[in-house]
Amino acid sequence: MKFNFKLLTALYAIFSIVFIAAEYHRIGDFNIFLLASEALQEGKNIYTTTYVSGFHYYYSPFFAILMQPLAALSHNMAAALWNVLSFVLLGRLLYLLVTMYFSKHSKAALIVLLGFLGCLFPIYSNFHMTQMSVLMLYSIFECLYQAQHKGRPLVGGMLLGFTLSVKVIPIVLIPYLLYRAHFKTIAYAVLGVFVFLALPVLFIGYESTAELTLSWFDLLNPTQKDHLLDNRERGFHSLTTLFTTLLRSDSYEEAFGIARNIANWNAKSITLLINLTRAALLLLTLAFLRTAPFKKAVNAPHGFSEIAYICLVTPLIFPHQQAYGFFFVLPTTMYLAWYLVEHWSERASSYFKIVFVVCIIAMIIVNLELIYGEYRKWYWYFKTLTYGTLLLLVALALSRPKVSSKDNF
């Protein structure tokens, strides 16, 4: 049987149906969205109220309003419907990746499968927790597709503006759009943010909207200690958590009798190191852009690698990242799958072997909890997902495509 997109689509549909049926009685984090929506209908401040076991609602007032039709259903049904939407958006995201970067490749279906499997644990985590990472990443690539390939800056910009008004993470795309001269798309995205932040006025009035928005911004304030020394939950990952656990002796987690810190720094020193590392990762973006500003990417592999890097570092630089936030590594695993398939004829070379080994080790570590979950608490404790993502970064750097242009740096 020839492996092609028809077979892959059928397998994906079966996987989606089986997963939703098996997880129907699990609501996950979606319960917080629904409870916040219900609290909003009761006139409460949804940002000072806590839910389940003391968790906050971190999304926009407008999103809480959008959740009200789902909140009217049973929470199990609402969560299942959200996962249905997420599977549809994931399917669209995979289609966009293929269309934009390797649609003409003879083994495109194999590349999709390998890239999907390389990111399987973050994908599973997103659906298992009924989270929003699929929507966030989809909006980034739909925006790029509409802006770069369809010449529709209004559509792409307003979609990005909507997701930015819900959660700030897709903001990582704005500097890239600026660098690649998509000025109209940026303008429409900014307009979209203001429109969607203002829309709750139509439903709950100006005063309530203003109060909720200010409370929301206060909750998201990046200078808060919990956003910097990011270790108050054992499931947190990212650089903020990694450096905090390595450089502080105190822990909110079971210690397993083994110290994980290598030093005991003060909060100010750790915060400085975190911010310097963030700055270094942002500057490293230039090594993937590799052309002068306001020019297009030289070719599809070049464009693929640069946006894959931007998505990859996103869960590393933002605080409070759980495993589902690392769904943003999907473009990188997809790009690495493309690279390995494209260069398979060079497999006898030492360089290819190095890239291949780094890729395999990185993907195993990223998916370790799914491969051998018996020791998941150890993985949480030592933040293995963050190390796996950093190894993916190394693999991505080693596999950058050749770029030849007079506009190169």
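Reader: Does Phe294 count as buried or exposed, and at what relative accessibility?

Author: This is a predicted model. In it, Phe294 counts as exposed, because its relative accessibility is 51% and the cut-off for exposed is over 50%.

Reader: Where does Phe294 lie?

Author: Phe294 is in the loop that runs between helix H16 (267–289) and helix H17 (300–317).

Reader: And what about phi of Phe294?

Author: The phi value is near 65°, which is positive, in a residue other than glycine.

Reader: Let me turn to Ala181. What is its phi?

Author: Ala181 has a positive phi of about 65°, although Ala181 is not a glycine.

Reader: How does Ala181 count in terms of relative accessibility?

Author: Ala181 counts as partly exposed, because its relative accessibility is 28%; that value falls between the cut-offs of 20% for buried and 50% for exposed.

Reader: Now the chain as a whole. How many helices and strands are there?

Author: The secondary structure of the protein chain consists of 22 helices and zero strands.

Reader: What are the spans along the principal axes?

Author: The C-alpha trace of the protein chain spans about 65 × 55 × 45 Å along those axes.

Reader: What radius of gyration does the chain have, and what would a compact globule have?

Author: The protein chain has a radius of gyration of 21 Å. A compact globule with 409 residues would have one near 22 Å, so the value for the chain agrees.

Reader: What share of the residues is buried?

Author: Of the 409 residues in the protein chain, 53% are buried.

Reader: And how much of the contacts comes from residues 24 or more positions apart?

Author: Among contacts in the protein chain with a separation of 6 or more, such residues account for 75%.

Reader: One more topic: at what angle do H18 and H19 pack?

Author: Helix H18 (residues 330–342) packs against helix H19 (residues 350–366) at about 150°, and their axes are 11 Å apart. H18 is therefore roughly antiparallel to H19, as the cut-off for that term is over 145 degrees.

Reader: What is the handedness of the crossing of H18 and H19?

Author: The crossing of these two helices is left-handed.

Reader: Which residues make the contact?

Author: H18 contributes Thr333, Leu336, Tyr339 and Leu340, while H19 contributes Tyr351, Phe352, Val355, Phe356, Cys359 and Met363.

Reader: How do the residues of that contact divide into nonpolar, polar and charged?

Author: The contact of H18 with H19 has nine nonpolar residues, one polar residue and no charged residues.

How values were computed:
Residues numbered from 1 in each chain as written. Predicted model: local features only at pLDDT ≥ 70, side-chain atom pairs only at ≥ 80, totals over all residues. Heavy atoms only, no water. Axes fitted to C-alpha atoms, helices over the stretch in contact; angles between N-to-C directions. Helix = DSSP H or I, 4+ residues; strand = E, 2+ residues; numbered from the N terminus. Parallel < 35°, antiparallel > 145°, perpendicular 65-115°, else oblique. Left-handed = near helix turned anticlockwise from the far one by under 90°. Contact = heavy atoms within 4.5 Å. Nonpolar A, V, L, I, M, F, W, Y, C, P; charged D, E, K, R; others polar. Buried < 20%, exposed > 50% of the residue type's maximum accessible area, 1.4 Å probe, protein only. Rg over C-alpha atoms; globule rule 2.2 N^0.38 Å.
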